[in-house]
Amino acid sequence: MVLPPLLVVALFVGIPVVSGVLYTLGHFGGLNSVIASIGLHQHPADHWWGTLAAYREVLTSDTFLRSLTVTVEVTLASVVAVFALGLAVALYARMSGGRTARLVTALAVTPLFLPAVIGSYAILTFYAGDGALTTMAHALGWSSAPRLSYTTWGVIVGQVWTNLPFAVLVLTSGLAAVPDALIEAARDAGARPAQVVLRVLLPMTSVPAVITATFTTIAVLGSFTVPYLVGPTAPTMLGVQLANAFQSFNQPQQSLVTAVVVFALASVVGVAYVRSNVRETRRAASVTR
Amino acid sequence: MPIRTLDRSLAASPRPTRLPRSTRPARSAAALLCAAALTMAASACSSSSSSSTSVGGAAAHHLTAYVSGDTNIQKLWEDIVVPAFEKANPGYQVKVVFSAHGTADATTLAKLQAAAKTGRDPGYDLMESSVTLNAATAGLLTKVSAKNVPGLKDVDSALLGPVANSAVPYRGSSVVLAYDATKVKTPPKTYDGLISWIKANPGKFAYNSPASGGSGGSFVETTLDRHLDATTLKTFQDGYDASLESKWDPGFKELKALNKDVYGKGVYPNGNQAVLDLLAKGQIELAPVWSDQYLSGIQNHTLNSGIKFTQISDPTFTGGASYLGILKSSKKQTAALKLADFFLQAEQQDAIVKQLGAYPVIPASELPAATAARFNGVDVGNLRAGYSGQTSSDMNNLWQQKVPGQ
């Protein structure tokens, strides 16, 4: 029963990935012949297994290293911000549960229903030199208010904007799964709200927390729309860098090398996610036994 | 338009054939696989049958053109030139496959390349898109000259250089210097004048990154060209030689030095339109823009009438043509060449000028006087050629490495 889906995945994901990696190693035949006939500055294989020349060229280039640094920085900052904000909203909703809490949650989830392109453009105009924020600051007498459009700070704002809804949804449902009885028992035993959060709610939502952190990391690492529209011309995040290499610089091999690097970074995070899931499954199994 | 989505190509794929649903799940999964296989087989059949009927008879006069661009290009093809062509040539039919903002350009180019490699019918006879240049340099297009496209005898032969004589230039535009006349009383007249203006008015000039649009690309090219000897420049315009690219270094150094004086201390917006928006909103006062985008901006009132334009000299900004390519592997060469030639007739050129604010590629003297008057003061007959497709790709890459954020 599992065979047909496996075949489909192998056909539509596995083969392109393998052929893409072979292309980065300089194998230009077969499925790669079309793209290889168009690209510039390609490095053909010189060993039976290929060559690492394309990797060497990309990984040692200044532009790539700057992109990598800024990608890691933006990812860390965005994940911390998304996680903190998402947790704050979810905890507020769980602890107070009133109309305001529902409104705040709904507001935090709203960006889910707006395409990232529209959101990014809105952010770009809102924080532009003639945008709402600087205009207000100017009216209040602060004439040198910073402009977030076309800066890395603007990219971080955009990342928080697009990734917050997912974090709020996962964390809210994780917190909702904690039985009321546990919270009430803790309160009966004299726990203050802070203690309820630290001792009961947070320990019981470790899996949703890991899911939020890992998925947000992967989403930010591979993002294109927000950094392309809101970000500075240089340094760009890796997503923009690889799209540029493919479309504007006509260097598909270098573009794929960058893609492999993004994939490698994302899989490090993926391992953390899988391990936490396995641990949770084991624990659940030992509890039921 | 650099943001590409796969939706379009997925939406275009054939719908799977519906098979009666089996009651047992194992069977239905197998049925699904069969359905997928059948669909693939069926689409293979249909494509081979269409290619076999395409030669000879009335079908030889049925052309398919791949066109990409903005809605103004779609209107030009679907509402103006194609109806006129079909009326003037009874029996001919042209099907226009339009891709808005070129979202399908990359996949189409790959498809054409694959069709050429495997010797199959590419499905298109003509193409007009930003990738026509790439198709021409990749050898996918038929060579053209006044012999097979008579209208080319009136067209400046230099325009055929960038495409290796493999595509028909049919409309032109050049980059001009747009300025906010309410603030800039005496706009610069020369390149040197422009540079000293930028330095004297920090933050009031912008150009888009060359990878994101030709108007910024033209400013970059113009700066680089000032340091090149005539032979190198010719190589960059007509061909490709990566070993000569170190000659760009002095130009890139100059551009890097401008970082602190351009808009936002080194912000290079994405796309031609983004620069026009800054100009329209009064954020900047001077910028290189495409002539046709400027003219249609004035027509649609997205630019107010206080925005004027001028051409600089010594050197001028580059300009170029948009090209119409005839696919080498198309089996309807005669009909396709006929359509390409039709675009060069005076009435069509007149319509192109009126509809798009583009330059004609035939001498202005052949057009109605009112049309020619639109270019009062602008030399449309002499477009300074830009770099070839491959050279521009490298220039974009090196600019990105050497100029912004440095």
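Reply: What follows is a reading of the cavities in this predicted model.

Me: Which residues lie nearest the centre of the largest cavity?

Reply: The lining of the largest cavity is made up of 20 residues, and those nearest its centre are Y228(A), V240(A), N244(A), S209(B) and N270(B).

Me: Which helices of chain A each supply at least two residues of that lining?

Reply: In chain A, α12 (225-230) and α13 (238-247) each supply at least two residues, and α13(A) gives the largest share of the lining, 4 residues.

Me: How do the residues of the two linings divide into nonpolar, polar and charged?

Reply: For the largest cavity, the lining residues divide into 10 nonpolar, 10 polar and no charged, whereas for the second largest cavity they divide into 8 nonpolar, 3 polar and no charged.

Me: Where does the lining of the second largest cavity come from?

Reply: Residues that line the second largest cavity include V70(A), V74(A), T152(A), V155(A), P227(A) and M237(A), and α4 (62-95) and α8 (152-176) of chain A each supply at least two residues of this lining. V240(A) also lines the second largest cavity, and V240(A) is one of the residues nearest the centre of the largest cavity.

Technical notes:
Residues are numbered from 1 along each chain as its sequence is written. Chains are lettered from A and ligands numbered from 1 in the order in which they are written. This is a predicted model: local features need pLDDT of at least 70, side-chain atom pairs count only at pLDDT 80 or more; totals for chains, interfaces and linings use all residues. Side-chain values use heavy atoms; hydrogens and water are left out. On a 1 Å grid over the protein atoms alone, a cavity is a set of points where a 1.4 Å probe fits but cannot get out, and a pocket is an open set with protein on both sides within 12 Å along at least five of seven lines; lining residues have an atom within 4 Å of a point. Ala, Val, Leu, Ile, Met, Phe, Trp, Tyr, Cys and Pro count as nonpolar, Asp, Glu, Lys and Arg as charged, and the others, Gly among them, as polar.
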